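Reader: I am new to this structure. Please pick one part and take me through it closely.

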Amino acid sequence: MGDLSRPTTESVERSLDSSLESVDHAEDLAVGLARRAGFDEEDLMKIGLAVRESMVNAVVHGNRYNANKKVRFSASMNQSRFTVRIADEGEGFDYVNLPDPLTPENLLRTSGRGIFLIRSFMDEFHARRMEPAGTEVTLVKFAVSK
Amino acid sequence: MSVKLSTRQVGDVSVVDVAGRITLGEGSSALRETLRDMVSKGQKKILLNLGDVSYIDSSGIGELVSGFTTVTNSGGQLKLLNLNKRVKDLLQITKLYTVFDVHEDEAGAIRSFA
């Protein structure tokens, strides 16, 4: 849980290459901003992993490492709301009809846990298709639990 | 720092000491290659010591599952040792904690191999 005694308004925005280095960079940016906003280590871990998983989806599944496509990353802290937006330029991803990774038949699958972890670790998760192409996800963590 | 893997033999158990990050890319592929190599050499009792793993993501979890399946399908056993809170929490919320045989002390883990 974050420290409300340190209300912060700060934001960062980047256009990132479709590479694994960008995944690390985005995670560092988000965790750095969240740390300055007063989130504790437990929440920083959750935010970092959620951003990492979202960036991997954008780079690997969205843009498919295409050097001509960018990932738009932004993070902001406003009052008690920490928001991260990550948008790729890919063909879109069905975030609705995902297999449940907790069911017995899926438990030993080697993939398919990323979105589940994001939903588990953040207070809000939204995904929307963009025109003409791409998917934007929005992750929200509150400094005070809802 | 990415992942660092070192292997040692304790009796008939192969212990893999894993340190660093098991994430998409070099970290998870190194773990996959090490386990496949051990299975191809006929090693049946493998203990993964994750005590110095600082970070794991969904790809790393997938590699643990893949390793478990690979070793089990070859007639062997793969067990986990020294999970830190972060790794333990991730395995618990993904319901994988009960899939793996998890140990907190090496001697007990070695003895547990049939």
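Author: Strand 4 of chain B, residues 77-81, is largely enclosed by the rest of the structure, because 4 of its 5 residues are buried. Buried means that 20 or more other C-beta atoms lie within 10 Å of the residue's own; 12 or fewer makes it exposed, anything in between partly exposed, and C-beta atoms are placed from the backbone. Strands (E, at least two residues) and helices (H or I, at least four) are DSSP runs, numbered from the N terminus.

This is a predicted model: local features need pLDDT of at least 70, side-chain atom pairs count only at pLDDT 80 or more, and totals for chains, interfaces and linings use all residues. Residues are numbered from 1 along each chain as its sequence is written, while chains are lettered from A and ligands numbered from 1 in the order in which they are written.

Now the neighbours. Strand 3 of chain B, residues 45-56, pairs with strand 4 of chain B in the parallel sense over 5 bridges. Two strands count as paired if DSSP finds at least two bridges between them. B:Gln77 is the bridge partner of B:Lys45, and B:Leu78 is that of B:Ile46. From strand 3 of chain B, the chain passes through helix 2 of chain B (residues 58-73) to strand 4 of chain B in a right-handed β-α-β crossover. Right-handed means that, with the strands pointing away from the viewer, the path from the first strand over the helix to the second runs clockwise.

Next comes strand 5 of chain B, residues 101-103, which pairs with strand 4 of chain B in the parallel sense over 3 bridges. Here B:Lys79 stands opposite B:Asp101. The link from strand 4 to strand 5 of chain B runs through helix 3 of chain B (residues 85-93), and this β-α-β crossover is right-handed too.

Step back to the sheet. In chain B, 5 strands form an open sheet with mixed pairing, in the order 1-2-3-4-5. Strand 1 (4-10) and strand 5 of chain B stand at the edges with a single partner strand each, so one side of each is left without a neighbour in the sheet.

Last, confidence. pLDDT is the predictor's confidence in each residue, from 0 to 100. Chain B has a mean pLDDT of 94. Within chain B, confidence is highest in strand 4, at 98, and lowest in helix 1, at a mean of 89.
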